[in-house]
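Biologist: Please put the sequence and the model side by side, and then let us go through them with some care.

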Amino acid sequence: MKQFAIIGLGNFGHYLGTRLYEKGHEVLAIDKNPDKVQEIKDSVSQAIVADATNRKTMQSVGIDQMDAAVVCIGSVLGDSILATLNLKELGVERIYAKAMTEIHGRILLKVGATEILFPEKDLAFSLAERMHNPNLLDYLPFIEGYSIIELAPPKTFIGKALHELDLINRYGVQVVAIKEIIPDRLNLIPTARFILKDSDVLILLGPDKSLDKLREEVS
Ligand code: ADP
């Protein structure tokens, strides 16, 4: 499990932090507003009142130990930029930062963010994508403890037949479909003889733990 810091506990930060914690990660939630910290404290590993623009404070909470940090300060431009810069200078490797405008996003990239999130734009684009090209995953019922994921095959899978990979016996996950780009089609319940191409995407069903294990081993 990973360690994540969520900075700024507005709607976005709150939902993100509690969801990551539900998924079993260690989550450190930070906000300068004590009410926001109070609201989340029972739903994450640790919640602290702190100003993310203060570099010493960020250092003292061990921010550099995190696998990733997310700056969810949207509207206060200066604070969002300074908080991102602090994370970069303190050596946090993966820094996600929420931006309100394109220019805000460009500044955040310049001061060290590794990925910019435009919540409304990202959500609108992903909805447009789903409406344009309905995904099989949206039609399947949700079963507690099980998931269906898409996985781009790692290099070691390319050119191999599904029976050689034997994912069901090695990991306990079933290949339910293969999305092929060339030709553009969805191959439902592929046979064991199916040979994987570089451009294929595996659609796998299995217990969350098995899927996580497979994802970790091939990443
Ligand atoms: P949202 O749109 O997700 O609600 P906001 O920008 O309104 O985002 O709020 C983000 C949160 O970030 C607020 O709870 C605010 O208290 C917090 N915040 C703003 N500046 C700082 C800072 N310098 N350090 C820590 N938290 C901050």
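Biologist: How do the residues of the lining of the largest pocket divide into nonpolar, polar and charged?

Modeller: This is a predicted model, in which local features need pLDDT of at least 70 and side-chain atom pairs count only at pLDDT 80 or more, while totals for chains, interfaces and linings use all residues. A pocket is an open set of points on a 1 Å grid over the protein atoms alone, where a 1.4 Å probe fits and protein lies on both sides within 12 Å along at least five of seven lines, and lining residues have an atom within 4 Å of a point. If Ala, Val, Leu, Ile, Met, Phe, Trp, Tyr, Cys and Pro count as nonpolar, Asp, Glu, Lys and Arg as charged, and the others, Gly among them, as polar, the lining comes to ten nonpolar, four polar and 13 charged.

Biologist: Which element supplies the largest share of that lining?

Modeller: Residues are numbered from 1 along each chain, and side-chain values use heavy atoms, without hydrogens and water. Helices (H or I, at least four residues) and strands (E, at least two) are DSSP runs numbered from the N terminus, and helix 1 (11-22), strand 5 (94-98), strand 7 (146-151) and helix 10 (208-218) each give at least two residues to the lining of the largest pocket. Among the 27 lining residues, Met-1, Lys-23, His-25, Asp-212 and Arg-215 lie nearest the centre of the pocket. The largest share, seven residues, comes from helix 10.

Biologist: How many Å separate an oxygen atom of the ligand from an N or O atom in the side chain of Asp-31?

Modeller: Polar contacts are pairs of N or O atoms within 3.5 Å; within protein, one must be able to donate a hydrogen and the other to accept it, and residues adjacent in sequence count only if both atoms are side-chain atoms. A ligand nitrogen lies 3.2 Å from a polar backbone atom of Lys-32, and a ligand oxygen lies 2.9 Å from an N or O atom in the side chain of Ser-75. For the side chain of Asp-31, the distance from a ligand oxygen is 2.6 Å.

Biologist: Is Asp-200 buried or exposed?

Modeller: Asp-200 belongs to the loop between strand 9 (185-188) and strand 10 (201-207), and a polar atom of its side chain is 2.8 Å from the backbone nitrogen of Lys-197. Buried means under 20% relative accessible area, exposed over 50%, and partly exposed in between, with a 1.4 Å probe and protein chains only. Because its relative accessible area is 1%, Asp-200 is buried.

Biologist: What is the C-alpha to C-alpha distance between Thr-53 and Asp-79?

Modeller: Thr-53 is placed in the loop between strand 3 (46-49) and helix 3 (55-60), and it is partly exposed, with a relative accessible area of 22%. Although 26 residues separate Thr-53 and Asp-79 in sequence, their distance in space is 6.0 Å.
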